[in-house]
Amino acid sequence: MAATQVIRSEWTKIRSVASTVWTLSLAVVVTIGLGILISALSKNEFDNMSRQDKLSFDPTFISFAGMSLGQLAMIVFGVLVVSNEYSTGMIRTSLAAVPQRGTFLASKIAVATGLSLAVGLVTSFVTFFLGQAMLGSHRAEIGDTGVLRAVIGGGLYMTLIAMFSMGVAAMLRSPMLSLGILMPFFFLISNILGNVSATKKIGRFLPDQAGSRIMQVVTPIDDDTPYGPWGGLGIMALWVAVALIGAYVLLKKRDA
Amino acid sequence: MIEAVGLTKRYGDKTAVYNLSFQVRPGTVTGFLGPNGSGKSTTMRMILGLDNPTSGQVTIGGYPYRRLPNAARQVGALIDAKAVHGGRAARNHLLCLAQLSGIPARRVDEVLGVVGLQDVARKRSKGFSLGMGQRLGIAAALLGDPQVLLFDEPVNGLDPEGILWVRNLMKALAAEGRTVFVSSHLMSEMALTADHLIVIGRGQLLADMSIQDFIAANSAGFARVRTPDTEPQLREKLSAAITEAGGHVLPEQDGALRVTGLPLPRISDIAHDTDVRLWELSPHQASLEEAYMRMTQGAVDYRSTIDQKAGLMQPLPPGAQPPMPVPGQGQPGWYAPPPPQPGGQPFAGPQDPAQAGPYGAPNPYAQPPAQPPAAAPAPQTSAPATPTEPEDAR
């Protein structure tokens with residue numbers, strides 16, 4: 001069975017359910033909307049900032065502020081793409097049609113990843129340009145050093161978040177369980193670990209904190225992070241790889 | 001051809017299927033029967049490679065399912081009609097399955113027509129009734145025009161017209177030389193559809209034989225004899241005479257007699273000799289349901305009890321009779337007619353119909369037994385077949 005056939009089938013699957021449209025458009029709207037809002041607020045606040053804050057002011061990163069909420073919609077997308085097969089029982093029909101489970105999983109994730117990447121990149125560029133427009137005189141230009149890398153990185157970050165969610169959902173199978181673990185993890189636990197000084201050193205190796213480094217152009221002054229932008233994205237990619245390998249191993253040996 | 005060899009599946013310490021070996025041959029509809037929880041669905045899932053057997057193996061056309069080349073074109077299955085994404089339109093559901101095996105979209109519209117869902121093709125399957133979902137599942141199984149078809153409870157929820165359609169569909173598929181393996185709880189339906197039966201109970205093989213052999217081996221037919229209601233002494237007289245002649249007599253509630261162990265002509269002769277007039281003398285062939293109940297009664301895991309309604313019942317008014325229990329409910333052995341014949345082997349393999357006659361002799365009312373080969377005028381081994389022989393003309 002050719003992988004292209006499975007990919008075409010997965011594309012039909014993904015475009016024929018409403019949840020795809022809803023989760024992805026929510027991710028786009030929230031990321032862009034919140035990015036614009038925070039950019040506009042930052043511009044007004046800029047004069048009241050301390051000297052140190054002004055020095056480390058990162059207009060690119062500011063415009064991506066919506067990502068912290070927008071990524072939750074990407075998580076929901078990633079979880080639903082995989083786990084709706086299990087929650088509906090469709091997985092049995094699917095695996096009966098594609099007994100090569102590796103091909104099945106790879107195609108499903110490839111299609112969903114491709115879609116996330118397209119949506120992520122568009123969102124990233126739109127939120128950057130609209131955000132910069134809001135920042136007025138404090139804005140960054142796309143030609144500035146590191147800015148293009150950060151904008152493309154924003155799209156990659158959203159994609160990797162979705163992929164990580166797909167891997168976790170394929171391991172856990174239940175959408176409720178997957179969302180119940182991923183949502184608090186990215187929304188609360190990661191933030192808490194990253195902001196408490198005692199756990200900061202561990203927190204920055206979590207997928208979202210490491211990955212979001214790619215979107216920073218200006219490094220904060222007292223920064224001692226042991227990895228650079230691409231290093232951070234690499235750490236995130238490692239998390240994704242582990243999740244997907246776990247998903248593959250479990251799918252391969254588990255009863256459907 | 002589906003072939004299982006020593007198939008065993010354990011979930012934790014529960015053994016769902018134990019040492020199951022059978023073959024499902026092409027060209028016939030093979031019924032798969034067993035009580036709830038006996039391992040039918042587990043076996044179906046193992047055939048489709050969804051569950052891995054703990055030991056043993058099952059192959060389709062010689063390959064384990066997961067290594068079958070282009071499995072979706074060779075095997076079609078309806079395992080669970082509810083196993084669809086409810087938010088996806090029926091046509092899209094079939095389309096994504098079709099694309100998996102390179103089946104053109106035209107075929108999707110074809111099968112939608114075959115199962116009669118063309119009018120709701122673009123509706124979400126969430127709103128489908130049980131029967132519509134079943135039709136959608138059957139459409140998915142037919143999609144690849146496969147040689148091997150598996151159906152788990154295909155008539156569940158279908159209307160009578162749909163049941164008739166499925167029955168004819170199964171027969172037509174088998175007549176085209178395909179392998180059709182179908183499980184069902186509807187015995188009457190199975191009796192009409194299947195040619196061959198595989199029966200399991202508690203995960204083990206109970207029977208693997210043709211439907212006629214199964215009925216003959218697992219249940220007894222009987223003769224119903226009625227003497228004039230107006231003269232009860234005639235009944236006593238006949239009972240005594242039949243018992244003397246070696247038959248078994250059981251009185252029925254309405255005054256008739258249920259006689260086993262004697263052929264009908266013999267009963268008539270006895271009546272004539274004892275000068276008893278008969279109002280009725282009729283043969284009763286056991287049904288598949290009766291035979292099935294008899295065989296599986298020891299292997300049923302989930303059995304209903306009589307609903308006592310304790311605490312819900314009003315005290316009966318004085319003089320009122322308590323209601324009669326419903327036949328078959330909470331009465332183990334209701335479906336257990338006497339064994340087929342003295343020293344009968346209830347679970348034995350195929351038997352010569354002449355010996356399996358319920359009255360201890362060839363049953364003249366049953367289908368005529370096959371001619372013994374020795375009695376054939378021109379055995380093919382001794383005389384070369386000529387083209388004019390009617391036997392070979394077809």
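1. A nonpolar core is understood here as a set of buried Ala, Val, Leu, Ile, Met, Phe, Trp, Tyr and Cys residues joined through C-beta atoms within 7 Å. The structure under discussion is a predicted model. Its largest nonpolar core has 165 residues, and those with the most contacts inside this core are B:Leu94 and B:Ala139. Helix H8(A) provides the largest share of the core, namely 15 residues.

2. The surroundings of B:Ala139 deserve a separate remark. When neighbours within four places in sequence are left aside, B:Ala139 is in contact with B:Leu94, B:Val111, B:Leu112, B:Val114, B:Val115 and B:Leu117.

3. Helix H8 of chain A, residues 147-172, packs with helix H7 of chain A: the two axes come within 7 Å and cross at roughly 150°. The crossing of H7(A) with H8(A) is right-handed. On the H7(A) side the contact includes A:Leu105, A:Ile109, A:Ala112, A:Leu117, A:Phe125 and A:Phe128, while H8(A) contributes, among others, A:Val151, A:Ile152, A:Met158, A:Met163 and A:Met166. Glycines also take part, including A:Gly120 of H7(A) and A:Gly154 and A:Gly155 of H8(A). Sorted by class, this contact comprises 14 nonpolar and 8 polar residues, with no charged residues.

4. Helix H7(A), residues 101-135, also meets helix H12(A), residues 229-253; their axes come within 9 Å and cross at roughly 145°. This crossing, too, is right-handed. The class division is 6 nonpolar, 1 polar and 2 charged.

5. Between the chains, 24 residues of chain A are in contact with 31 residues of chain B. On the chain A side, the elements giving two or more residues are helices H1 (3-15), H2 (18-45), H5 (67-88) and H6 (90-97). This side of chain A has 11 nonpolar, 9 polar and 4 charged residues.

6. Chain B also contains a strand pairing. Strand S1(B), residues 2-11, and strand S2(B), residues 14-24, run antiparallel and pair over 7 bridges. B:Glu3 has B:Gln23 of S2(B) as its bridge partner. The hairpin formed by S1(B) and S2(B) has 2 residues between the strands, and B:Gly12 adopts a positive phi near 60° there.

Notes
Residues numbered from 1 in each chain as written. Chains lettered and ligands numbered in written order. Predicted model: local features only at pLDDT ≥ 70, side-chain atom pairs only at ≥ 80, totals over all residues. Axes fitted to C-alpha atoms, helices over the stretch in contact; angles between N-to-C directions. Helix = DSSP H or I, 4+ residues; strand = E, 2+ residues; numbered from the N terminus. Left-handed = near helix turned anticlockwise from the far one by under 90°. Nonpolar A, V, L, I, M, F, W, Y, C, P; charged D, E, K, R; others polar. Contact = placed C-beta atoms within 7 Å. Buried ≥ 20, exposed ≤ 12 C-beta atoms within 10 Å, placed from the backbone. Pairing = 2+ DSSP bridges.
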